[in-house]
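Hello,

Here is the structure I promised to pass on.

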Amino acid sequence: MHPLIRSAIFHYEFEFIHPFADGNGRMGRMWHSLLLGTWNEIFYWLPIEELIRSRQQNYYDALGQSDEEADSSYFVEYMLEVILDTLKETTIVGQPHELKNTKVQKLLEILDGEELSAAELMDRLQLSHKPSFRRNYLNPALKLGLIEMTIPEKPKSRNQKYRRK
């Protein structure tokens, strides 16, 4: 499940069980921010608390609608809309760090729309030293969340391939 959806479902479920006498909303939004931030660090700079501040009544309405329907879908869609609107309004100052790494940039260009194995990637990059390829190309791209494994539960699988996110 995509982290944007998973984090919104967690947020809704946390609000639904309402485990504390006070502070459930703040805790739910904090966990939502944390889950998103571990996926993509831009969310550490755009905390969920701030994203919904200007739409607080709509936030409560979305929670209520999902409660009535006994389904988190309405709340998930609401949160995705808030996040999208906020990202559209956000200006990134300077060059994103992943674009400064020309090796990662080359890897992304090669992966454009394809799923390729490490060997296929090395061949297209005209590289022969696997440790250098992993250290300079593959691992930084994975760490930055720019690419993903096709079989993440088996990272060392001989059938493992990589694709752009």
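Predicted model: local features only at pLDDT ≥ 70, side-chain atom pairs only at ≥ 80, totals over all residues.

Residues are numbered from 1 along each chain as its sequence is written, and side-chain values use heavy atoms, with hydrogens and water left out.

The second largest pocket holds about 220 Å³ of space. (A pocket is an open set of points on a 1 Å grid over the protein atoms alone, where a 1.4 Å probe fits, with protein on both sides within 12 Å along at least five of seven lines; lining residues have an atom within 4 Å of a point.) Its lining has 14 residues, and Ala118, Arg134, Pro155, Gln160 and Tyr162 lie nearest the centre. H9 and H10 are the elements that each give two or more residues to this lining, with H10 providing the largest share, four residues. (Helices are DSSP runs of H or I, at least four residues, numbered from the N terminus.)

Ser128 sits in the loop between helix H9 (118–125) and helix H10 (130–143). Ser128 counts as exposed because its relative accessibility is 71%, the cut-off being over 50% with a 1.4 Å probe and protein chains only.

As for the rings, there are nine aromatic pairs, meaning Phe, Tyr or Trp (six-membered ring) with ring centres within 6.5 Å. Ring pairs join Tyr12, Phe16, Tyr59, Tyr60 and Phe75 in a cluster.

Best wishes

Definitions and conventions: Buried < 20%, exposed > 50% of the residue type's maximum accessible area, 1.4 Å probe, protein only. Phe/Tyr/Trp six-rings, centres within 6.5 Å; stacked < 30°, edge-to-face > 60°. Points joined across faces, edges and corners; volume = space filled by probe spheres on them.
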